[in-house]
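Hi,

Here is the structure I promised to pass on. Have a look at it first, then read my notes below.

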Amino acid sequence: MASSGKDKRIDYIEFNVKDIARARSFYGGAFGWSFTDYGADYCEFSDGNLKGGFANAGEVKPVGGPRVIFFADDLADTLKRVEKAGGEIVKPIFNFPGGRRFHFTDPEGYELAVWSDK
């Protein structure tokens with residue numbers, strides 16, 4: 001059987017959210033994602049590279065799971081966009097081996113990060 005090229009790679013990410021419209025507004029404003037609605041309880045997103053979804057599937061537990069980390073060519077501009085869209089910066093831009101990054105929480109309370117090699 002020929003490989004699809006997707007074998008053993010992360011293919012899709014879902015966020016459980018209380019408010020799908022709020023999630024769309026935040027991620028659309030901060031990162032320019034596009035969306036496809038599938039009823040009142042599910043919305044698929046695309047960042048242009050990876051697809052995922054926002055599901056209204058019960059209690060939101062934003063702490064303790066994997067941290068999603070975005071890449072940005074312009075880290076300072078992305079930080080401003082995250083704040084303008086309603087994100088809260090929890091770790092301002094800092095250096096680490098390989099680049100710089102910052103951490104933020106989205107309106108649901110998930111802590112995510114953005115990094116840049118510049």
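Let's start with a pair of residues: Y42 has A55 in strand β4 as its bridge partner. Keep in mind that this is a predicted model.

Together β3 and β4 make a hairpin, with four residues between them. Look in the turn for G48, which has a positive phi of about 95 degrees.

β4 has another neighbour too. Strand β1 (residues 12-16) is joined to β4 by five bridges, and here the two run parallel. How much of β4 (residues 51-55) is buried? Four of its five residues are, so the strand is largely enclosed by the rest of the structure.

α1 covers residues 20-31, twelve in number, and its first and last C-alpha are 16 Å apart, close to the 16 Å expected at 1.5 Å a residue. Its buried residues are I20, A23, F26, Y27 and A30. Looking down the axis of α1, you'll see them fall within an arc of 130 degrees, so they line one face of the helix. A21 and S25 are exposed, on the face turned away from that buried side.

At its start, a side-chain oxygen of D19 comes to within 3.1 Å of the backbone nitrogen of A21. After the helix comes G32, with a positive phi near 75 degrees.

Cheers

Key:
Residues are numbered from 1 along each chain as its sequence is written. This is a predicted model: local features need pLDDT of at least 70, side-chain atom pairs count only at pLDDT 80 or more; totals for chains, interfaces and linings use all residues. Side-chain values use heavy atoms; hydrogens and water are left out. The expected span of a helix is 1.5 Å times one less than its number of residues. Buried means under 20% relative accessible area, exposed over 50%, partly exposed in between (1.4 Å probe, protein chains only). The arc is that of the directions from the helix axis to the C-beta atoms. A polar contact is a pair of N or O atoms within 3.5 Å; within protein, one must be able to donate a hydrogen and the other to accept it, and residues adjacent in sequence count only if both atoms are side-chain atoms. Two strands pair if DSSP finds at least two bridges between them.
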